[in-house]
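Subject: Structure for your review

Dear colleague,

Please find the structure below, together with its sequence.

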4 protein chains.
Amino acid sequence: MIGTTALGATLRTGATLLWKSAKAQARSYGQRGDIRGVYPPIATPFTCTEDVDFEKLVENVQKYGKMPLRGLVVQGSNGEFPYLTVEERVEVVRRVRQVLPKDKLVMAGSGCESTRATVQMTEQMARAGADAVLVVTPCFYRGRMDSRALVHHYTQVADSSPVPVVLYNVPANTGLDIPVDAVVTLSQHPNIVGLKESGGDVTRIALIVHKTRSQDFQVLAGSAGFLVAAYAVGAVGGVCALANVLGRQVCQLEELCLSGRWREARELQYRLIEPNNAVTRKFGVAALKQAMEWFGYHGGECRAPLRPLSEAEAQQLREDFSSNGWL
Amino acid sequence: MIGTTALGATLRTGATLLWKSAKAQARSYGQRGDIRGVYPPIATPFTCTEDVDFEKLVENVQKYGKMPLRGLVVQGSNGEFPYLTVEERVEVVRRVRQVLPKDKLVMAGSGCESTRATVQMTEQMARAGADAVLVVTPCFYRGRMDSRALVHHYTQVADSSPVPVVLYNVPANTGLDIPVDAVVTLSQHPNIVGLKESGGDVTRIALIVHKTRSQDFQVLAGSAGFLVAAYAVGAVGGVCALANVLGRQVCQLEELCLSGRWREARELQYRLIEPNNAVTRKFGVAALKQAMEWFGYHGGECRAPLRPLSEAEAQQLREDFSSNGWL
Amino acid sequence: MIGTTALGATLRTGATLLWKSAKAQARSYGQRGDIRGVYPPIATPFTCTEDVDFEKLVENVQKYGKMPLRGLVVQGSNGEFPYLTVEERVEVVRRVRQVLPKDKLVMAGSGCESTRATVQMTEQMARAGADAVLVVTPCFYRGRMDSRALVHHYTQVADSSPVPVVLYNVPANTGLDIPVDAVVTLSQHPNIVGLKESGGDVTRIALIVHKTRSQDFQVLAGSAGFLVAAYAVGAVGGVCALANVLGRQVCQLEELCLSGRWREARELQYRLIEPNNAVTRKFGVAALKQAMEWFGYHGGECRAPLRPLSEAEAQQLREDFSSNGWL
Amino acid sequence: MIGTTALGATLRTGATLLWKSAKAQARSYGQRGDIRGVYPPIATPFTCTEDVDFEKLVENVQKYGKMPLRGLVVQGSNGEFPYLTVEERVEVVRRVRQVLPKDKLVMAGSGCESTRATVQMTEQMARAGADAVLVVTPCFYRGRMDSRALVHHYTQVADSSPVPVVLYNVPANTGLDIPVDAVVTLSQHPNIVGLKESGGDVTRIALIVHKTRSQDFQVLAGSAGFLVAAYAVGAVGGVCALANVLGRQVCQLEELCLSGRWREARELQYRLIEPNNAVTRKFGVAALKQAMEWFGYHGGECRAPLRPLSEAEAQQLREDFSSNGWL
């Protein structure tokens, strides 16, 4: 596991760890900076007054803790992070870390629009127990977020982060792709260990794997929809919204890919695409939360301006699961 | 001017003003809810350590205070609002209100991603002295920001806002257009008084003016680049980044349009387009700040991840001003 | 009128006219290369077997001939030109020229994907009686249609064209904008006399007018939706699908702009936007043809793959006209 | 091979074959309607005067004929089909069919904008010897090319086509995606046997394979860049521009996928991505033709408005091949 003990020591002493050596040593499953595996980017349940429902959050995490997941992404896009205050974001991570078994990773979303806020949030997330941080691209001034700006941003963040940094590319939300050349440059940073790529362009994923392979750098698929294809070209895991609902199935998909049972993997993949589309691009977080309720988790409310599904949308959502044999 | 005295009373007593009547009564220049005129969306100067440089901010505001501007937009996109903390955003507005002559409006950007954060920020902005708030569309979950979600969001904000609300559509930053039907619905809210439209689609501007004319609702052009065209189809003012640099010229352009001197307006318009493009879509806030320095204002640094202009960009920027006779 | 007699001479003798001088001399209304005014881009009526219905075409043209239009655009986007054979395109132009009064211009769409086909089509259009040609940007390889390629293309076409050439930018169909610098370069060609700009970006229109004013170059708005705004920034006419249906009203709009009656122009403009949107971006050519039937013209069928309007679409179309007082 | 003899008979007798049964019977490699395998979409070499260079075309085809390709796509996007006349398109297909060994398929691009032109071109292609036709989506009126229009279009074409029809989705050129539901509907047509999908969205490819599996319907990847990923999710071949240059390597990639040697496939895939990007989305057909010259084929000129590569582009192109060990 990414070394939380070492982290505590770092924070206490203020010493600067030489992560380069940490990253440079051959990774084995469980070593710092190794992020292989499947992660649900967990939802944040809200009460009917739109407060964080920590009790329900904890119950969900306890269930996830029993699955063969590598860990959880906390405060990613599916956690509605832009709707939480700084204090809420940190508290959610703290609670998750308390409940989640120690051998599971907490990868915490710490991206903000400004570099200085991201640096601070990253430090807070580390203090709250995050094993790694997932840093979404700043995007409000997307016309100026070229390689120069993004390399500067991520370098500043990674230089000061107590824990390993994972780049996070999610153009559906940000309207922006980190240029491949920027990813390649950043892969050389000793404290940047990987990329969560949610764009779905598998050629891009393959190219990034290819051009970063001399580095210790790992690519995670950002969706269950193209997980098999991503594994086929060198991704080593996935951060999959659908794993909030069908966690065991996504883990099974990983296992099939890792063991080279591609035909079975493909068959399972097929049945996951429509449910996955439904809880992501088609209906979004509200659908994810609705489906969680159907499958024994606490989805809870969304914060406004996200709205609950309409009756017709909920029926379509149900159909996307049932027609593939999941309901 | 939008009634800050009434506002103070409201905040002290907690009473709910019936804005409907306020808005419904025929507006004359200077009445609450009348937002006609030209506004620079002021930049936020930072020191070399990226702290807000309040001293320089105040000096800029003092200069703007002497121009025939209607007021200032504070903490809009050109104020780098996504890069400021909640406290900084509020403090900037407070300082501006202190310095700016009382007959000038302070329109404060109070938009956040969540409805609850926007409601809170709006109240804080009003307490800090804002005469109106400018509320950008939430956009991270843009695939779900349909009319239903946006009408709900803005209605919640306007219901609770102590000051009039102005909608803010800026697709270059948000990747989103408020649907025309949502604008029309929202124009009927007693506390929603107008729209800043930055998208540059003048057909859309004309249609919105047309379909909201039975309401007391005003449209401001969101850029100096299409100001004459916007006036020609019924806009009543502009929030223009270029007015940070060429404030008197933008005011002159307004005057030419208002007095029906369209030929002269057109000639002036032509010379403002390239400088305007340069400080907005082409090079962004860094260019705006650089040009401010050339014209006697304090631009200061940008916060990261925004980068200063390269040498070549600065030369092109200069050329965009000089080839049009401004440098 | 653009000199068809001179054209005939040119074609007979093969001599190269020095268009430079023709274009350089001060234009007055009616001189070669002066394209000011309003043009409907006429629809091509098809029979129920999808053949060109020349009889109905001729009847429409006879009606348009009695209106204060400057001329007709024949085989533009609304003429379904990509659905006609080379022979049909030419024959339609020939028939229109026969019927249309001599003082009205025929501007014929002659754009094809390849330069050589466009050169040939241009010559055929001139022989068929076109007074000018309207040349849409080639677009299938849009990723490579940069300024270099487009300047080369249009220069080749204009060099060999017996009649003046008008550039045609219509990004909704082509997914492409001719870069402003390419327009400026091309405006210097003696045989390129103007631009039909359908993109609706009025800042772009103003900038093009500004940067080509030392040339004899005219800009036409490509839609009735932004006609007033375009006139306000220096356009000199419009090619307006809506003029197929409400021809007199679009001419009246032109007259109001030319005579400086901007307030009345604006009021009329408002009422034309929704009908215009309906017959263009919202429902397309099938709606244009349906509306033509309602207003006493022959719309006829569309060629497949364009489909007739559904019942619901036709009702919405009707509503867009009736709610603005036209039906 | 798709039965050209049967086709000849059909054309002679005018009889309507019941393709349903032909398609419904289990396919084996070599049966009508089975399109599995790798195809280069061959370039059309032009002379310096931009005429089709049939001699060079034939020499290229002779070389391709000796490779383990399934066949050739003739008059696809890389064949510059929009730049050829109807007669040229047909003649190119005729010549290719004459030269290509009988056991290789000729899949001919027969798509035009109108349905009637596509129907005619399809028939001409069949007479010229095409074994199947590849029909690109009409796209000029893309705003109206919804499922209804596309299903109508392709149904008309397939109903009358003497040879099997392959759908062709290439959003980079057309700005349009055939909706998945339209593909599913069309897959049920007895004469529609597959889809060439060039968009690169592997989730979409997997979903289409999944939802058409009860039909006799095959999906080909439209690019070498995502060939391994496409095979991983159920595609059965590829139409790959890069195969014009590195034909044996693309065939090897197919073989590695088919034999389940995914690790080796991945390694080869990596080295093909940058060369593939260079000859497609980055530099286009001119780069493909340049690279063909380097690898012993005749690329020849492009037709205008496509321009030859600049010196700098050619160097980058070379680097994209050499850095991956191909030059």
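In chain B, helix α12(B) passes helix α14(B) in a left-handed crossing. Please keep in mind that this is a predicted model. The two helices cover residues 262-282 and residues 311-322 of chain B, and their axes come within 8 Å and cross at roughly 155°. Angles over 145 degrees count as roughly antiparallel, and α12(B) and α14(B) are therefore roughly antiparallel to each other. On the α12(B) side, the residues that meet the partner helix are E274(B), P275(B) and A278(B), while α14(B) brings L317(B), D320(B) and F321(B). Sorted by class, this contact has four nonpolar residues, no polar residues and two charged ones.

Helix α11 (residues 247-258) of chain D and helix α12 (residues 262-282) of chain D have axes that come within 9 Å and cross at roughly 150°. That angle makes α11(D) roughly antiparallel to α12(D). The crossing in which α11(D) passes α12(D) is left-handed. From α11(D), the contact is made by Q249(D), Q252(D), L253(D), L256(D) and C257(D); from α12(D), by E264(D), A265(D), L268(D), Q269(D) and L272(D). The classes here are six nonpolar, three polar and one charged.

Turning to a chain as a whole, chain A has 14 helices and eight strands. Its C-alpha atoms fill a box of roughly 55 × 45 × 40 Å, taken along the principal axes. How does the radius of gyration of chain A agree with that of a compact globule? With 327 residues, such a globule would have a radius of gyration near 20 Å, and the 18 Å of chain A agrees with this.

Next come the contacts between chains. Between chain A and chain B, 30 residues of chain A are in contact with 30 residues of chain B. On the chain A side, α5 (115-127), α6 (147-160) and α7 (171-174) each supply at least two residues. Of the elements on this side, α6(A) gives the most, with six residues. The chain A residues that touch chain B divide into 13 nonpolar, nine polar and eight charged.

The same surface serves both copies, as 100% of the contact residues of chain A recur in chain B.

Chain A also touches chain D: 19 residues of chain A are in contact with 19 residues of chain D. The elements of chain A that give two or more residues to this side are α9 (202-211), α10 (227-232) and α12 (262-282). By class, this side of chain A has 11 nonpolar, six polar and two charged residues.

Finally, which chains are not joined by a contact? No contact joins chain A and chain C, and their closest C-alpha atoms lie 18 Å apart. Chain B and chain D likewise have no contact, with their closest C-alpha atoms 18 Å apart.

With kind regards

Technical notes: Residues are numbered from 1 along each chain as its sequence is written. Chains are lettered from A and ligands numbered from 1 in the order in which they are written. This is a predicted model: local features need pLDDT of at least 70, side-chain atom pairs count only at pLDDT 80 or more; totals for chains, interfaces and linings use all residues. Two residues are in contact if their C-beta atoms, placed from the backbone, lie within 7 Å. Helices (H or I, at least four residues) and strands (E, at least two) are DSSP runs, numbered from the N terminus. Ala, Val, Leu, Ile, Met, Phe, Trp, Tyr, Cys and Pro count as nonpolar, Asp, Glu, Lys and Arg as charged, and the others, Gly among them, as polar. Axes are lines fitted to C-alpha atoms, for helices over the stretch in contact, and angles run from 0 to 180 degrees between N-to-C directions. Angles under 35 degrees count as roughly parallel, over 145 as roughly antiparallel, 65 to 115 as roughly perpendicular and the rest as oblique. A crossing is left-handed if the near helix is turned anticlockwise from the far one by less than a right angle, and right-handed if clockwise. The radius of gyration is taken over C-alpha atoms; the globule rule is 2.2 Å times the number of residues to the power 0.38.
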